[in-house]
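Subject: Model handover

Hello,

Here is the model for you to look over. Please open it first; my notes follow below.

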Amino acid sequence: MRREIFVLVALTLALSQCKKGGGTTPPPKTTADTPIYKGADVSWVTQMEDSGYKFYNSAGTAMDCFQLMQGLDLDVIRLRVWVNPATRYNGTADVVAKAVRAKNLGMRVLIDFHYSDTWADPGHQATPAAWAGYDFATLTNTVYSYTVSVLDSLQRSEEHTSELQSHHD
């Protein structure tokens, strides 16, 4: 199972680097063949809640953020996961807790691996501090082990992740 998960993540990473080239173009999918998802990145919700933020529906009634999203017909949430964040937010335990909340409402969950201790995007990818100085083989094994660990944590919580995403250069 772990090998399959690693292969899935590796394939996702490899395919994300593909560029359109020659060859034949597959026929376009029809609208009926293409699922449409409505979603939002709610990675900061626990920090906002802990800071006293409240979420309100259009009638002005305070409600849980995930229930508000569901009420707005969102069916997917994206959650960023960081290796060793400076605070408890966006680490594995925080992400699992948010994923469970979403899944309990029937929402799909997209896990966005940043492989960093903080925000990462194509223009900025800092290696996690704990991984600094690792040679390539050690770093490869560490990324694999970390990925499996996060996915195992999600699976133990019975949150079977719907989608995976990775930020990297």
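The chain has 5 helices and 6 strands. Here helices are DSSP runs of H or I with at least four residues, strands are runs of E with at least two, and both are numbered from the N terminus. The order from the N terminus is α-β-α-β-β-α-β-α-β-α-β.

This is a predicted model, in which local features need pLDDT of at least 70, side-chain atom pairs count only at pLDDT 80 or more, and totals for chains, interfaces and linings use all residues. Residues are numbered from 1 along each chain as its sequence is written, and side-chain values use heavy atoms, with hydrogens and water left out.

Confidence comes next. pLDDT is the predictor's confidence in each residue, from 0 to 100. Its mean over the chain is 83, and 75% of the residues reach 70 or more. Over residues 3-19 pLDDT stays under 50. For that stretch the model has 12 contacts (heavy atoms within 4.5 Å) beyond four places in sequence. Where pLDDT is low, the predicted coordinates should not be read in detail.

Now the chain as a whole. Of its 169 residues, 33% are buried. Buried means under 20% relative accessible area, exposed over 50%, and partly exposed in between, with a 1.4 Å probe and protein chains only. Among contacts with a separation of 6 or more, 75% join residues 24 or more positions apart.

Which residues have the most contacts inside the largest nonpolar core? They are V42, I77, L79, I111, F113 and Y146, in a core of 26 residues. At least two core residues come from each of α3 (65-71), β4 (76-81), α4 (92-104), β5 (108-113) and α5 (136-156). A nonpolar core here is a set of buried Ala, Val, Leu, Ile, Met, Phe, Trp, Tyr and Cys residues joined through side-chain atoms within 4.5 Å.

Next, the pair α4 and α5. Their axes come within 9 Å and cross at roughly 35°. Axes are lines fitted to C-alpha atoms, for helices over the stretch in contact, and angles run from 0 to 180 degrees between N-to-C directions. The crossing is right-handed, that is, the near helix is turned clockwise from the far one by less than a right angle. From α4, T92, V96 and A99 meet Y146, V150, S153 and L154 of α5. The residues of this contact are 5 nonpolar, 2 polar and no charged. Ala, Val, Leu, Ile, Met, Phe, Trp, Tyr, Cys and Pro count as nonpolar, Asp, Glu, Lys and Arg as charged, and the others, Gly among them, as polar.

Two backbone angles are worth checking. Most residues other than glycine have a negative phi. D73 has a positive phi, near 70°. D73 lies in the loop between α3 and β4 and is exposed, at 55% relative accessible area. Phi of N90 is also positive, near 70°. N90 sits in the loop between β4 and α4. Is N90 buried or exposed? N90 is buried, at 0% relative accessibility.

Last, two sites at intermediate accessibility. Q125, in the loop between β5 and α5, is partly exposed at 23%. Its C-alpha atom is 8.2 Å from that of H114, 11 residues apart along the chain. K103, in helix α4, is partly exposed at 30%. The C-alpha atoms of K103 and V76 are separated by 9.5 Å, with the two residues 27 apart along the chain.

Best wishes
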